[in-house]
Amino acid sequence: MDVLEIARWQFGITTVYHFLMVPLTIGLGLLVAVMHTMWVRTGRAEWLRMTRFWGRIFLINFVLGVATGLVQEFQFGLAWSEYSRFVGDVFGSVLALEALLAFFLESTFLGLWIFGWGRIPKKLHLATIWAAVVGSAISAYFIIAANSWMQHPVGVVLDTSSGEPRARQVDFVAVLTNNTALAAFSHAMVASLMVAGGLLVGIGLWHLRKRKLADKSTEDVDHAVWRRSVRVGGYVSLAAFVLVALTGDWQGKLMYQQQPLKMSSAEALCETEAPASFSIFAFNKLGSNECDDVHSFTIPYILSFLAHSDFSSPVPGVNQLQEEYAQAYGATYPDDPSYGDKAGQPIDYTPVLAVTYWGFRLMIGMGALSAGVAAYALWSTRKGRVPTSRIGVYGSLLAVGAPFVGNAAGWVFTEMGRQPFVVYPNPDVPRADQVYFFTAQAVSPGITATEVWTSLISLAVLYGVLAVIEVGLIVRFARRGITEGDTTPTPGIGGGTKDDDDRPPRADDDASDDVLQFAY
Amino acid sequence: MDLQTLWFVAVAVLWTGFLLLEGFDFGVAGLLPVLGREPADRKLMLRTIGPLWDGNEVWLVTAVGATFAAFPGWYATWLPAMYLPFVLVLVGLIVRAVAFEWRHSSHDERWDAAWTRVITTGSFIAAGGLGAALGATTLGLPVGEGGIRVGGAFSGWSWPALLGAVAVLAYSLVHGAVFLSMKTEGELRHRARAFAQRWAPLAALPLLGWAGLVWARYGGLPTGITLVVAAGAVVLTWARLAAGREGQAFTAWAVVLLASMATVFGAVFPVVLPSTIDPAFDVLVTGASVSDYTLTVMTWVAGFGLPVVLGYQAWTYWVFRKRLTAEPEHATVS
């Protein structure tokens, strides 16, 4: 493989991995902040225990998200230096402002939240988790604005004054209010809530069932903790699923205008149709990326409706679009060293059909599966019931993974769906003024394949090890459930309390003996 | 001052701020096997930086982000030229970050000891690697036309890189010791102070050497003065430590870094990355920077955002200002 291909694998692996942590951080952070608020408002013990328990899971995951996020910021320079030069005027400032306005907020206030239990006044302490959650949301907005700018570049002009073509920013507000960014941000935020909701449902049901089989009381606080977790998680998941569908529809309709090839590839729609049919299943000749080799089972009219909200409008096919793009942007890459091995080669404007088609369906399918589990959880816990069905409860536990897979599939679809461009030409701009960039031009020219292999393998191995540890820790703390330390607001939020400690919990701030069990 | 100069200063301040704040985190972590004789000592040491390290690390993220945002030509030349060192730094930072949070998720002593070693190793790698990167970007990297590295993967691993690595590591270790002596009580406090006092003069040498080399090549009178200030602050640090005034010693040792970095960045300006191949390939502030429009936007946003950030970060330091002891800590409400 050449540097370009290795670097793409590296970006894909590190980014998808990073995005396993991110939605859990965003979604669970918000839910923990709500739990904490409920505790401060009502003073009820179960809300405190929920805050402590879910807060611990949140933190184990948060730190890995932060750590793997570091790679992203360096990676643009390390492996994609020509991209960084081309887009620096707009892309870099969005990243820097994300760090300044979001990361400081997130990390500083999270530190205060962890160590501030019992040290700072109760309401101020509550404000720290909200500040951290707001920080996460701002961070998500900026990075999605940066990504959306690559999908749909606005607020820039092409500047060739220095000899090298560069994107030059002319309207910062346009970059931040890009309609692609608004849709993608909304979609990602509600999808994050599905991740968190699914986790609450899965772990909560497991504990409820275990307690019931052990004949434990259904009147005590711990029962309330798990029951409430399931109910909150179920409602959040279901509501988020509706919003995921609505925001996804919004984003999809935008994509039909901004990147029609991505959407037609997602449907394996080869020829322009009016009205267009929606594909429910398709298979392709092995190894072929020719649209005409795809056999597809379709439902008429539906695709026109998804794309344009009516049952008759035409939807362009992959073959026509490929032709249009080849005419507009060239049938072959220019014979120029800056295109590396791709120089002079024909350009395939059609993304990898199998990935876009199945990525799109996997995303939707996993979301629907998770919503189904949420509905089951709410049904099976109605009016104080506790489900004991092994299949139901363990199925729900397994389904915790579904929204994670859905999120990853969505990103793989959206990123691979815009190939061969790294900055997609904005169709609203006249051809001569368009700012666009091929992925083949973006890679760093000076680095060797050995270097990128080295980093790809080291990061992949490291990430694999960390994933095993993270999942192990989450499983361990999830199984252990509520611990003695969760009953009082003591500093720190580690879970390493002694279970044999039977002293009555002390409500005052001077629970000093417990402190070391949490703090460093 | 034009916008490009302003942003060069901003980037220099961010990198220096990172070295200053994360420096003592690196130092405390690096000293765990030296000063932390008992598990209780090591716990105490880690508690001094526990609530602070993550916020401090954001200074690095912001420094890199600002380098990219204001000078993409610098960012896109510097990082790929030192590809492997930067990857090493990332690995170090990742394992260190997860170790901070994951180590106390078990009461198993071996688990704790293993993660403690990871914190130390990761900190060493990250501090050394970033020092190497900063040394190289101010003393020279083999970059040719178009900012592309000449030579193979290891052509950037040169003596300036080594000097930068040793400078940051040595400085951080003493910085961490002074910080510990300021933040702890009891035996650990005395051990930390004795360590700092013994090693401060020697540990400052590589840093002063780095600043001196940059100054000898590019410097003038103002950076000459800052260099002398840096050297003077080393003596002052030693004297204040000897007098048992840890807070003043911490300030003086901070001045060593601030004055050294002022010398380095002040002297090298307007070059941001000298080429060892040919001065014609030097990366300059003017060629590397973004448009005035973007710099203006960032200046406005940072102008409003930065004071707020500095305000709440200072507040965190205030909340966690107490000296820590190995005794169970008594909660304070401030």
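This is a predicted model: local features need pLDDT of at least 70, side-chain atom pairs count only at pLDDT 80 or more; totals for chains, interfaces and linings use all residues.
Me: What about the radius of gyration, what would a compact globule have?
Reply: With 520 residues, a compact globule would come out near 24 Å. Chain A has 25 Å, so the two agree. Along the principal axes, its C-alpha trace spans about 75 × 50 × 40 Å.

Me: How many helices and strands are in there?
Reply: Chain A has 16 helices and 6 strands.

Me: Which way do β1 and β2 of chain A run?
Reply: They run antiparallel, with 4 bridges joining β1(A) (residues 156-159) to β2(A) (residues 166-169). V157(A) sits opposite R168(A) of β2(A). There are 6 residues between the strands of that hairpin, and G163(A) has a positive phi near 100 degrees there.

Me: Is D215(A) buried or exposed?
Reply: Exposed, because its relative accessibility is 70% and the cut-off for exposed is over 50%.

Me: And A268(A), buried or exposed?
Reply: A268(A) counts as buried, at 10% relative accessibility. This alanine also has a positive phi, about 50 degrees, and is found in the loop between α8 and β3 of chain A.

Me: Which peptide bond into P275(A) is cis?
Reply: The one from A274(A), with omega near -5 degrees. P275(A) is in the loop between α8 (260-267) and β3 (278-283) of chain A. The bond from Q419(A) to P420(A) is cis too, with omega near 10 degrees, and P420(A) lies in the loop between α13 (401-416) and β5 (421-423) of chain A.

Me: New topic: what does S370(A) touch?
Reply: Leaving out residues up to four places away in sequence, S370(A) touches M194(A), S237(A), A402(A) and P403(A). S370(A) belongs to helix α11 (residues 353-380) of chain A and is buried, with a relative accessible area of 4%.

Me: Last one, on chain B: how many residues of α4 are buried?
Reply: 10 of the 10 residues in α4(B) (residues 72-81). Among them are W74(B), Y75(B) and W78(B).

Methods: Residues are numbered from 1 along each chain as its sequence is written. Chains are lettered from A and ligands numbered from 1 in the order in which they are written. Side-chain values use heavy atoms; hydrogens and water are left out. Helices (H or I, at least four residues) and strands (E, at least two) are DSSP runs, numbered from the N terminus. The radius of gyration is taken over C-alpha atoms; the globule rule is 2.2 Å times the number of residues to the power 0.38. Buried means under 20% relative accessible area, exposed over 50%, partly exposed in between (1.4 Å probe, protein chains only). Two strands pair if DSSP finds at least two bridges between them. Contact means heavy atoms within 4.5 Å.
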